[in-house]
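Dear colleague,

I am handing over the structure below, and I would be glad if you could look through it with the notes that follow.

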Amino acid sequence: MPEYSICGEHYPLTDRQRALLGQVRTLGRERFAPRAAQYDRDATFPFENYDDLRAEGLLGVCIPLAHGGKGADFATYALIAAEMGRHCGATALTFNMHVCSTLWSGPLADDLDMTAAERTGHEANRRVHFARIVGDGALYAQPFSEGSAAAAGKAPFGTTAKKVDGGWLLNGKKIFASLSGAADYYGVLCTEDKPEASVRDTLYIAVPGNAAGFSIVGEWDPLGMRGTVSRTLLMRDVFIADDAQLMPRGVYFQAAARWPHMFFTLAPTYMGIAQAAYDFTVSYLRGEVPGTPPVRRRMYPTKQTAVAEMHIKLEQTRALFLRAISDARVDPGKEARLRVYAAQYTVMENANDLCRLALRTCGGQAMLKSLPLERLYRDSRCGALMLPWTAELCLDRLGREALYEAGEVDA
Ligand SMILES: Cc1cc2nc3c(=O)[nH]c(=O)nc-3n(C[C@H](O)[C@H](O)[C@H](O)COP(=O)(O)OP(=O)(O)OC[C@H]3O[C@@H](n4cnc5c(N)ncnc54)[C@H](O)[C@@H]3O)c2cc1C
């Protein structure tokens, strides 16, 4: 049976995008999918997958060509991340954390306002980060969650950075840090330690995993996305040099306001899971899933109706996903801003719903741990919980921003 492409067969792809998608699809099918069950069972990080990504030059996929990367833009990244999510959700989600540190400090930062001195400093700093990734194969994590209102963008981060001679002194705690123990650097979002600091004073700083005062604590035994190994980070007077900033002071705040699609990068993983649940269902009902008896169930009208419903939901999800990634830019209009909240909500909720429908349709034998569907189901449950755009917060933003223009208040 022909396999669907993640973006649909006639989606306009450049040669470069097609090549990257093909590269990730081959890796995903041949390497990541066969290993996924073990990482999930043991809740261990997919190191072997990262060795493959490193060997294929994909750790630098969004690093500009001038810095030795593959120069992929936002939409290209979203497509390949969705393809990866079809094969191993935990690899795609952790890849997102790594890639965002290059996407945000790379092409996104180029769209933002900086003084000439900030731009020069940023260029020098990111050259160091990019070289570590392209040259040494370094991995970056992206810990911002703290269990407070900060990761939702509604309060300053509790993790603080105090300016000292030659750098910063970091103190605080991050929860759910994917790639904990696997990353070489942790792109920590924190607040400058100064009087009356606000969300505008957010700093984005790369902390080496071997820095004095930095430690990883706690258990990791979650429902889904088990291979992300998202444990707790503690920082006690960690000294970080000035050039470790991934963005100049205040630029993260500007990015969050002016480049909102930067937070849509969690969605592609779950778009891939939605596609995988649908693919599995079709194969299963055709009696074609490897390792299962060749029993066909496709002739039953109830199965056909269920697949039709899944197909409609998948196409609705994909349509909004593709539209949102094509909208992504600096200073999008109000419609695009509202649409990306709708897209995030739709991808996260529908991925889980498609997995639910897949399990109901395929039946009891399909939920055994020897098959991928029950893992897809558990992994898909995590998407709507991820800050800053949880399903709840998307509704919250969508409702408020649809009804109020910027600065409007009720008398
Ligand atoms: C598999 C996995 C991997 C993750 N990896 C990372 C990572 O690498 N880096 C990282 O930083 N985080 C990561 N996270 C964390 C994630 O983004 C959330 O921060 C995390 O799930 C914490 O959720 P919580 O329930 O403690 O949130 P809480 O703050 O307790 O919020 C609970 C819910 O309340 C709502 N809510 C929260 N704040 C507000 C508010 N101010 N106003 C209205 N409603 C609000 C939201 O809907 C939220 O889902 C990961 C999470 C998962 C599940």
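**The ligand and its surroundings**

An N or O atom in the side chain of E392 lies 2.5 Å from an oxygen atom of the ligand, which falls under polar contacts, meaning pairs of N or O atoms within 3.5 Å, where within protein one atom must be able to donate a hydrogen and the other to accept it, and residues adjacent in sequence count only if both atoms are side-chain atoms. Please keep in mind that this is a predicted model, in which local features need pLDDT of at least 70 and side-chain atom pairs count only at pLDDT 80 or more, while totals for chains, interfaces and linings use all residues. Residues are numbered from 1 along each chain as its sequence is written, and side-chain values use heavy atoms, with hydrogens and water left out.

Altogether 20 residues surround the ligand, the closest being F144, S145, F176, T390 and E392, where a residue is near a molecule or strand if one of its heavy atoms lies within 4 Å of it.

**Backbone features**

P388 is placed in the loop between α10 (373-381) and α11 (391-403); helices (H or I, at least four residues) and strands (E, at least two) are DSSP runs, numbered from the N terminus. The C-alpha atom of P388 is separated by 9.5 Å from that of K154, although the two residues are 234 residues apart along the chain.

K154 itself lies in the loop between β1 (140-141) and β2 (160-164) and is partly exposed, at a relative accessible area of 46%; here buried means under 20% relative accessible area, exposed over 50%, and partly exposed in between (1.4 Å probe, protein chains only). Leaving aside neighbours within four places in sequence, K154 is in contact (heavy atoms within 4.5 Å) with A149, L393, D396 and R400.

F176, with phi of about 55 degrees, lies in strand β3 (residues 167-177) and is exposed, with a relative accessible area of 55%. V229, with phi of about 45 degrees, lies in the loop between β6 (214-217) and β7 and is buried at 11%.

**Aromatic rings**

A search of the whole structure finds 15 aromatic pairs, a pair being rings of Phe, Tyr and Trp (its six-membered ring) with centres within 6.5 Å, where planes under 30 degrees apart count as stacked, over 60 as edge-to-face and the rest as tilted. One of them is the tilted pair of F74 and W259, at 5.6 Å centre to centre and 40 degrees between the planes. Because F74 lies in helix α3 (residues 74-87) and W259 in the loop between α6 (251-258) and α7 (267-285), this pair ties together parts that are 185 residues apart in sequence, and both residues are buried.

Y204 and Y252 also form a tilted pair, with 6.5 Å between the centres and 55 degrees between the planes. The pair links distant parts of the chain, with Y204 in strand β5 (residues 202-208) and Y252 in helix α6, 48 residues apart. Y204 is buried at a relative accessible area of 1%, and Y252 counts as buried at 9%.

**One more position**

T232 belongs to strand β7 (residues 231-241) and counts as buried at 18% relative accessibility. Apart from residues up to four places away in sequence, T232 touches K173, K174, I175, S215, I216 and V217.
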